[in-house]
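Student: Can you walk me through this one? I have not seen it before.
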Amino acid sequence: MDYLYYGLLGLVLVILVFCGNSLYNLNILEKKCKENEDERHLDKIIHTKQLINTVIVLGFLMSAFLVYCLLKGSIYEGHFHEWSNLIVRWLHITFGIAWIGSSFYFISLENGLNRTKDLRDELAGNYWAVHGGGFYYLEKYNIAPKVIPKELHWFKYESYFTWVSGICLLFIVYYFNAKAMLIDPKICDLTPSKGIGLGIFSLFLGWILYDRMCKSNLSKFPLAFALIGFIFAIEFAFVYSHIFTPRAAFMHFGALIGTIMTLNVFFVIIPSQKAMVEAAKNGTYLNPQLGKNAGLRSLHNNYFTLPVLFIMISNHFPSTFSHEYPWLILAGLSLGSAGIKHYLNLKEKGEQSIWVFPISVLLLLSVAFITSPKKGNSCSDTVSFKEIYPIIQSRCIQCHSASPTDKIFTVAPNGVMYDKPEDIKRLSDKILQRAVITKNMPQNNITNMTEDERDMIRCWIEQGSNIDN
Ligand code: HEC
């Protein structure tokens with residue numbers, strides 16, 4: 001089998017070198033065409049470059065996957081996993097910042113346009129700004145300029161790459177480790193392939209339902225649209241919480257919103273803009289509905305930004321996803337954060353709102369309230385470390401050790417190790433948080449920790465985490 005992987009890897013690398021070389025030559029050609037104003041060839045070159053870039057991205061993904069197949073089962077698997085997670089996460093955050101940053105920028109541009117003073121007829125508004133030591137002046141056209149400029153800047157790759165890197169991360173963190181991260185037999189006994197299939201299928205199903213809603217008459221009634229859309233979304237959250245681990249449920253809900261956002265860009269916003277450019281170039285009739293469709297999807301994406309960010313980071317905070325009803329927490333987080341976006345939009349437009357902000361903040365705070373820890377029974381007897389140490393040894397050390405024995409977590413997760421009593425004492429705060437309050441450790445309770453043991457750990461920590469008795 002290894003030979004097959006090596007062979008494929010070699011082939012992919014050759015293709016990558018070939019693509020890199022072609023890209024280099026095309027760049028030179030592109031420069032020449034620009035100098036000679038050779039429009040016809042320039043278009044072809046740009047299309048070919050896009051194709052080659054796509055092949056390069058796919059080639060990198062393929063080679064990473066082949067390297068993973070080669071290292072699987074070796075001592076390097078855990079290390080490879082950590083580094084691919086780190087690199088892809090870095091890319092995902094960077095593209096996401098670029099995408100959401102440009103989205104915020106254009107919304108504030110739109111809201112801040114001067115639409116009244118000293119405007120030429122063809123303009124919808126203009127905008128003065130100072131940034132980075134320079135003055136900028138922008139104009140927005142009512143429809144399109146008479147001549148479409150040669151250098152027109154598009155904003156789409158930020159979105160596509162955020163999505164692609166996000167899906168890669170979903171694979172790296174949840175799907176390659178489906179048994180530990182995606183599925184918990186106590187919640188739903190799925191096979192890894194069924195779980196992964198359901199996860200991917202749900203993202204596209206969500207998009208199809210949402211897209212149908214946008215194309216129906218419902219989109220003419222924004223409030224009803226928002227309400228029904230929200231109910232649909234929470235149904236997805238509900239199903240996710242009943243088939244996946246709570247963390248994976250949170251992540252799929254975030255990925256669902258992210259998928260809808262990117263496909264809005266890919267299937268509606270960019271095609272509408274392309275049609276607008278074509279119509280302006282050829283001087284043909286432009287259906288105004290196209291612009292309206294794109295505007296509606298942009299507006300939805302704008303409302304999705306804060307919820308998707310909140311959900312993505314709350315996935316690192318077990319007090320949110322370890323609640324008994326993860327879908328309820330998702331509902332509160334989504335509503336509260338979208339409400340704050342609504343408030344910001346109103347504010348940029350100069351509209352006053354009294355209730356939107358306080359209600360949204362109250363919603364978020366009520367999530368903090370309902371996820372707060374419950375008080376345990378009082379501890380009558382002193383719990384000694386002699387009783388605690390064996391619990392940690394039998395329930396945690398499989399993963400949290402300098403030399404883990406777990407098959408999947410071959411490196412101590414987050415570098416947390418409980419080999420020495422001093423480490424257990426030093427890290428007792430977090431042990432309380434994860435093994436007693438949120439109970440999401442041991443991972444999927446794979447080592448069968450009992451409620452009594454959790455209670456003993458709580459008492460030992462409440463009594464001062466003493467390791468000398
Ligand atoms: C099957 C492997 C496994 C077992 C067993 C396990 N953990 Fe974990 N633990 C993980 C993984 C994976 C992470 C990182 C993901 C996360 O934060 O949820 C983690 C993270 C943690 C963290 C967060 C560390 C940080 O700094 O962010 C704490 C605390 C923790 N575990 C405590 C425990 C305790 C206490 C036990 C035993 C009662 C235990 N774990 C048993 C796999 C395990």
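Tutor: What follows is a short talk about a ligand shell, a helix pair and a hairpin. This is a predicted model, where local features need pLDDT of at least 70, side-chain atom pairs count only at pLDDT 80 or more, and totals for chains, interfaces and linings use all residues. Residues are numbered from 1 along each chain as its sequence is written.

Student: How many residues surround the ligand?
Tutor: There are 20, and the closest are Cys-396, Cys-399, Pro-413, Met-441 and Pro-442. A residue is near a molecule if its C-beta atom, placed from the backbone, lies within 6 Å of it.

Student: Which helix gives the most to that shell?
Tutor: Helix H15 (residues 428–437), with four residues. Helices here are DSSP runs of H or I with at least four residues, and strands are E runs of at least two, numbered from the N terminus.

Student: At what angle do H13 and H16 pack?
Tutor: About 130°, with axes 10 Å apart. Axes are lines fitted to C-alpha atoms over the stretch in contact, and angles run from 0 to 180 degrees between N-to-C directions. H13 and H16 are therefore oblique; under 35 degrees is roughly parallel, over 145 roughly antiparallel, 65 to 115 roughly perpendicular and the rest oblique.

Student: New topic. How many bridges join E1 to E2?
Tutor: Eight, and strands E1 (residues 123–131) and E2 (residues 134–141) run antiparallel. Strands pair if DSSP finds at least two bridges between them.

Student: What is the bridge partner of Val-130 in E2?
Tutor: Phe-135. The hairpin has two residues between its strands, and Gly-132 in the turn has a positive phi of about 55°.
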